[in-house]
Amino acid sequence: MTSPLKTRPDLVVLPDSSSPAARSLEKRRLRKHQVLNIIRQSGPISRRDIVDISGFNLPSVSSFVQESLDEHLVFEEKSKTSRLGRHSKLVTLNPQAACVVGIDAGKRLTTGVAVSLGGTILARIEEDTPESESAEELAKRLVRLGENLYVSQASMLPPLAGIGVALPGLVGEPERPAGPASNGAAATHAGGGTDERQIRHSLEERFGVPVFLDNDARMSALGSMWFGTGRDLNTFAVINIGFGLGMGIVIDKKLFRGAMGFSGELGHIPLGDAGVPWYTGIERGLENVASGAGIARLGRLAGLNFRDASEIAEMASQGDREATEVIERFALHLAYGIATVISLFNPEAVILTGRVCRSNALFMPMVEKNLERLVLPAVRPRTRLIISQQRENESTLGAAAIVLHHIFMTSHVNLEQVL
């Protein structure tokens, strides 16, 4: 029998609009978490300054702050004298009040992180992803990884509030609980397939906290919005170039998922090469060429002797003609994809992430050159093309960020139902 874990599942905002009384309580809770987010972003901060930012009245803010102090979510610093001679107590977020776990179940590598409420990485783990496994095996493996990451270090980590999981491939509307998890009981979810439900159920049953699942590319966009370059942008796209090719889109600071949750499937746009065998199931799918698997596929067609895509990149950097032609072909089709994204969404920036970006010094000049003729001259100079500093960690951090988002933000809440 396993010992009970330290958890704080009630920190995660999962709206309950089942009755007028529940809506009234939820409305107050949302306002409290808005105040917490202001403290997270701007602390140390006075109650009066929170009033100015939030628009709430001072008695309400003072009540929210006092509740947060009682729950050890925030600290209060000693009084400081202002220029007017008044004493103002400042409040700041307690980053150790809880932590969240993010897991990226990648095609080649599975990584996990534990992150504090303040966004600091407290622990990290990684392991090779098996070449093939059933949904049940995957669910069990993710539970074991979570145990190795959190349970083995629970005495040194804050209580666990929630878990996010990034999955490759098609993942529809994100798996999200209908209400706070309690006593390890699994809650019902909207959307998602059998594999997603099994993974969520196994993790919730073991850890007793809300679990959220989404596509790895969309998680990368969330990771950038919370931890990377996207923090300073309103509208941007993150293109994840790993074994496959995916994209997450943020529009006006909100992650765009589409009508059924399948947005950003850049790899399935028919911009690939007709001479390359199908891989994605879509004729001329871009992922067939503009991805790590695509580079390997092109390498085999060219008759190269290699172990993986990174070895082809290394051969090209040393001047091998056939390998260079493979990288040039990859870069051209990647430029097709980027140009399409720029023309459709007019983002402030396109951020490239994923393991293939380790070789960005080799292929980026080729991509830039192609973009000059593929994007309107009025648009291209004003659209930044950025290599993420997080690289392959972006989707793992995004998986943690989806939980933080449900703690501090309200964009996932249907306010009309609550109000």
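Reply: Here is a tour of the aromatic rings, with some context from the rest of the chain.

A word on the basis first: this is a predicted model, where local features need pLDDT of at least 70, side-chain atom pairs count only at pLDDT 80 or more, and totals for chains, interfaces and linings use all residues. Residues are numbered from 1 along each chain as its sequence is written, and side-chain values use heavy atoms, with hydrogens and water left out.

The chain has twelve helices and 15 strands (DSSP runs numbered from the N terminus: H or I of at least four residues for helices, E of at least two for strands). Of its 419 residues, 53% are buried, meaning under 20% relative accessible area with a 1.4 Å probe, protein chains only; exposed is over 50%, and partly exposed lies in between.

Now to the rings. The structure has two aromatic pairs (rings of Phe, Tyr and Trp, the last by its six-membered ring, with centres within 6.5 Å; planes under 30 degrees apart are stacked, over 60 edge-to-face, the rest tilted). In one of them, Phe56 and Phe64 have ring centres 6.4 Å apart and planes at 75 degrees, so this pair is edge-to-face. Phe56 and Phe64 are both buried.

The other pair is Phe330 with Phe363: the centres are 5.3 Å apart and the planes at 85 degrees, so the pair is edge-to-face. Phe330 belongs to helix H9 (residues 321-345) and Phe363 to helix H10 (residues 360-374), so the pair ties together parts 33 residues apart in sequence. Phe330 is buried, with a relative accessible area of 0%, and Phe363 is buried too, at 2%.

Arg40 lies over the face of Phe408, 5.2 Å from the ring centre, and the charged end of Arg206 sits over the ring of Phe207, 5.5 Å from its centre. The rule here is that NZ of Lys or CZ of Arg is within 6 Å of the ring centre and within 35 degrees of the ring normal.
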